[in-house]
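Here are some exercises to work through with the structure open beside you. Try each task before reading its solution.

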Amino acid sequence: MPAHQYRVVGVEFGKETPLRSFATLLPPPWRDGYHRIDLLTHPDIRRTVRTVEEQAEYWARRLGPEPGPAVVLGYCSGAGVASELAARMGADTTLVLVDPAAPTAGEAQELLAELATGMDEDLLPGDVPDILGHGPAEALAVISDFLRSVVERCAPDLPSDIADSLTEHQRAWLSYTLAAGTHGGVLRDGPDHVLLSEAAAWEHTGSARVHRFPVGEVELFTSEEAMAVIAGVLDGRTATTRSGV
């Protein structure tokens with residue numbers, strides 16, 4: 001069937017380095033109508049920790065209703081939003097996850113240190129505030145103040161509003177990480193297919209078909225074998241349905 005009959009939505013992180021995108025996994029005939037969601041562009045995410053459910057609701061509204069079958073793709077910590085989004089798009093929606101995972105509190109702390117030292121390589125480990133033990137909202141407030149101070153230390157005469165604008169990407173990443181960590185990776189609707197790179201694991205029960213590939217997490221997104229799996233899912237759309245868990 002023609003690709004345009006199906007809605008294909010991917011949940012991604014736009015400025016990730018190295019970049020991973022479902023645009024490279026989709027077979028060419030399916031790329032033109034691909035709806036790409038960049039989770040870090042949610043309008044409130046830099047200032048407020050929005051729950052995974054709130055984010056999914058926002059993106060569902062942005063997509064708007066559209067009759068017919070759909071496929072939702074998500075990877076890594078975006079799996080939770082992808083699952084919630086698929087649930088809002090109706091029963092005739094197939095959910096495909098790649099290396100699904102949920103960040104821990106320790107990983108959020110590590111990410112803060114990584115992003116901060118990327119801004120100022122002279123930072124010492126002790127300069128990075130401890131966000132462990134804080135609730136998400138309080139942690140984001142601590143993060144925002146700290147990142148502003150890093151910019152101001154490098155450019156003392158810079159106005160605070162400009163300093164904040166220079167940390168938007170870092171705050172968005174950390175806000176999302178805090179939300180995903182609080183969510184804990186619980187999937188509202190179980191996936192139909194799970195694609196795993198060589199170091200990834202999938203311990204959930206359910207009816208998902210698990211596909212393993214002997215490549216790294218970035219290389220998987222350009223793997224011909226993985227693309228063949230996605231092509232099979234899309235070509236067999238009408239034979240694949242998803243039930244809640």
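**Exercise 1. At what angle do H4 and H6 pack, and how far apart are their axes?**

Helix H4 covers residues 136-154, and it packs against H6 at an angle of about 160° with the axes 10 Å apart. Keep in mind that this is a predicted model.

Step 1: compare the angle with the cut-off. Angles over 145 degrees count as roughly antiparallel, so H4 and H6 are roughly antiparallel to each other.

Step 2: look at the handedness. H4 and H6 make a right-handed crossing.

Step 3: list the residues that meet. H4 contributes Pro136, Ala139, Leu140, Ile143, Ser144 and Leu147, while H6 contributes Gln170, Arg171, Leu174, Ser175, Leu178 and Thr182.

**Exercise 2. Which residues of H3 and H6 meet?**

Step 1: Helix H3 spans residues 105-119, and its axis comes within 10 Å of that of H6, crossing at roughly 175°. H3 and H6 are therefore roughly antiparallel to each other.

Step 2: name the contacts. On the H3 side they are Ala108, Leu111, Leu112, Leu115 and Met119; on the H6 side they are Gln170, Trp173, Leu174, Thr177 and Leu178.

**Exercise 3. Describe how H1 and H2 cross.**

Step 1: take the numbers. The two axes come within 8 Å, with a crossing angle of roughly 50°. That makes H1 oblique to H2.

Step 2: H1 passes H2 in a right-handed crossing. From H1, the contact involves Val52, Glu53, Gln55, Ala56, Glu57, Trp59, Ala60 and Leu63; from H2, Gly80, Val81, Glu84, Leu85 and Arg88 take part.

**Exercise 4. Which residues have the most contacts inside the largest nonpolar core?**

Step 1: recall the background. In soluble globular proteins, nonpolar side chains tend to be buried together.

Step 2: find the core. The largest one has 71 residues, and Leu73, Leu85 and Leu195 have the most contacts inside it. Helix H6 (residues 168-183) supplies the largest share of this core, seven residues.

Step 3: inspect Leu195. Setting aside residues up to four places away in sequence, Leu195 touches Val96, Leu97, Val98, Asp99, His211, Phe213, Leu220, Ala226, Val229 and Ile230.

**Exercise 5. How many salt bridges does a search of the whole structure find?**

Step 1: Side chains of opposite charge can pair when their charged atoms come close. The search finds 12 salt bridges.

Step 2: take Arg20 and Glu16, whose side chains meet in one of these at 2.5 Å, N to O. Arg20 counts as buried at 6% relative accessibility, and Glu16 is buried as well, at 13%.

Step 3: turn to Glu168 and Arg46, whose salt bridge has an N to O distance of 3.7 Å. This pair links distant parts of the chain, 122 residues apart: Glu168 is in helix H6, and Arg46 is in the loop between strand E2 (35-38) and helix H1 (52-63). Glu168 counts as partly exposed at 33% relative accessibility, and Arg46 counts as partly exposed at 21%.

Step 4: examine Glu84 and Arg188, which form a salt bridge at 3.4 Å, N to O. Here too the pair links distant parts of the chain, 104 residues apart, with Glu84 in helix H2 (residues 79-88) and Arg188 in the loop between H6 and strand E5 (193-196). Glu84 is buried, at 5% relative accessible area, whereas Arg188 is partly exposed, at 42%.

Step 5: widen the view. Glu84 and Arg188 belong to a network of salt bridges that also includes Glu57 and Arg88.

**Exercise 6. Is Ala180 buried or exposed?**

Step 1: locate the residue. Ala180 lies in helix H6.

Step 2: apply the cut-off. Buried means under 20% relative accessible area, and Ala180, at 5%, therefore counts as buried.

Step 3: list its partners. Beyond residues up to four places away in sequence, Ala180 touches Val52, Ser77, Ala102, Pro103 and Gly185.

**Exercise 7. Where is Ser197 found, and which residues is it in contact with?**

Step 1: Ser197 is in the loop between E5 and strand E6 (209-212).

Step 2: check its burial. With a relative accessible area of 6%, Ser197 is buried.

Step 3: collect the contacts. Leaving out neighbours within four places in sequence, Ser197 is in contact with Asp99, Phe213, Val215, Gly216, Glu217 and Leu220.

Terms used: Residues numbered from 1 in each chain as written. Predicted model: local features only at pLDDT ≥ 70, side-chain atom pairs only at ≥ 80, totals over all residues. Heavy atoms only, no water. Core = buried A, V, L, I, M, F, W, Y, C linked by side-chain atoms within 4.5 Å. Buried < 20%, exposed > 50% of the residue type's maximum accessible area, 1.4 Å probe, protein only. Helix = DSSP H or I, 4+ residues; strand = E, 2+ residues; numbered from the N terminus. Contact = heavy atoms within 4.5 Å. Salt bridge = Lys/Arg side-chain N within 4 Å of Asp/Glu carboxyl O. Axes fitted to C-alpha atoms, helices over the stretch in contact; angles between N-to-C directions. Parallel < 35°, antiparallel > 145°, perpendicular 65-115°, else oblique. Left-handed = near helix turned anticlockwise from the far one by under 90°.
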